[in-house]
Amino acid sequence: MARIVLERFLQEKEQAIPSKTLINSMLRDPSQIPNGVLANQVYQCTVNDCCYGPLVDCIKHAIGHEHEVLLREMLLEKNLSFIAEDQLRAKGYDKTPDFILEVPVAVEGHIIHWIESKASFGDESSHQAYLQDQFWSYWNRFGPGLVIYWYGFIEELDCHRERGILLKDCFPTDIVTLRHSMAQ
């Protein structure tokens, strides 16, 4: 609603349609809005937005980070060697999953090279966006992988297993690893 009111205000003031860049900038920093009352109202709208506001973004980010830490601990507990997203970014990778396994494992008969943690429910809309924006890029760069939707997912979305993207709602318990046997 704040976006619509701001767009109309600027359109009437400037006699032109404002750019999306300008609108987004003013929504992020309402002090740029030339009308003090409107600036305060836009600020109140964004702060109190229970779906897309900055507080909700902070909460989502914190929950996502918490689940990545949980996944890291589980990987360490299973003695699986991995490279974390921050290490990959330091090496110059732009699109990276949360973890790349240094030695692939098998889960439910499928080879896994990477794991992505999603602290959300996997619905059709968000999953399709993730497939396009993230998962297929990971698959192209690193091979087949595993996505963990910690809050569940629509079962029909787990339809890319044979192509190399496996969905789970928890850390797998049936991991098969490559074991070294040393002759004595």
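Where is glutamate 108 found? Glutamate 108 sits in the loop between β2 and β3.

## Basis of the model

This is a predicted model, in which local features need pLDDT of at least 70 and side-chain atom pairs count only at pLDDT 80 or more, while totals for chains, interfaces and linings use all residues. Residues are numbered from 1 along each chain as its sequence is written, and side-chain values use heavy atoms, with hydrogens and water left out.

Helices (H or I, at least four residues) and strands (E, at least two) are DSSP runs, numbered from the N terminus. Buried means under 20% relative accessible area, exposed means over 50%, and partly exposed lies in between (1.4 Å probe, protein chains only).

## Helix α2

Helix α2 covers residues 20-28, and Ile23, Met26 and Leu27 in it are buried. Seen down the axis of α2, the buried residues fall within an arc of 100°, so they line one face of the helix; the arc is that of the directions from the helix axis to the C-beta atoms. An α-helix has 3.6 residues a turn, so residues three or four places apart point the same way.

The exposed residues Thr21 and Arg28 are carried on the face of α2 turned away from its buried side. The cover over the buried residues of α2 includes α1 (2-14) and α3 (36-47).

## Nonpolar cores

A nonpolar core is a set of buried Ala, Val, Leu, Ile, Met, Phe, Trp, Tyr and Cys residues joined through side-chain atoms within 4.5 Å. The largest one has 16 residues, and those with the most contacts inside it are Leu71, Leu75, Leu101, Ile112, Ile115 and Ile148. Two or more residues come from each of α4 (54-77), β1 (82-84), β2 (99-107), β3 (110-118) and β4 (145-149). The element that gives the most to this core is β2, with 4 residues.

Contact means heavy atoms within 4.5 Å. Leaving aside neighbours within four places in sequence, leucine 101 is in contact with Leu75, Ser81, Phe82, Ile112, His113, Trp114 and Ile115. A second, separate core of 15 residues includes Leu88, Phe135, Leu157 and Ile165.

Strand β4 is mostly covered, with 5 of its 5 residues buried. On one side these are Gly145, Val147 and Tyr149, and on the other Leu146 and Ile148, which leaves both faces of β4 covered. In a regular strand the side chains alternate between the two faces of the sheet.

Two strands pair if DSSP finds at least two bridges between them. β3 and β4 pair in the parallel sense over 5 bridges, and valine 147 in β4 is the bridge partner of glutamate 116. β4 also runs parallel to strand β5 (residues 165-168), joined by 4 bridges; here leucine 146 has leucine 166 in β5 as its bridge partner. A right-handed β-α-β unit is made by β3, helix α6 (residues 124-142) and β4. A crossover is right-handed if, with the strands pointing away from the viewer, the path from the first strand over the helix to the second runs clockwise.

## Positive phi angles

Asparagine 79 has a positive phi of about 55° although it is not a glycine. Asparagine 79 lies in the loop between α4 and β1 and is exposed, with a relative accessible area of 71%. Glutamate 108, also a residue other than glycine, has a positive phi near 55°.

## Salt bridges

A salt bridge is a side-chain nitrogen of Lys or Arg within 4 Å of a carboxyl oxygen of Asp or Glu, and the structure holds 7 of them. Arginine 89 forms one with glutamate 85, the closest N and O atoms being 3.1 Å apart. Both residues lie in helix α5 (residues 85-90), 4 residues apart, about one turn of the helix. Arginine 89 is partly exposed at 43% relative accessibility.

Lysine 168 and glutamate 108 meet through their side chains in a salt bridge (2.6 Å, N to O). This pair links distant parts of the chain, with lysine 168 in strand β5 and glutamate 108 in the loop between β2 and β3, 60 residues apart. Lysine 168 counts as buried at 15% relative accessibility, whereas glutamate 108 is partly exposed at 35%. Glutamate 116 and lysine 118 form a further salt bridge (3.2 Å, N to O); glutamate 116 is buried at 4% relative accessibility, and lysine 118 is buried at 8%. Salt bridges that share partners join Glu108, Asp158, Arg161 and Lys168 into one network.
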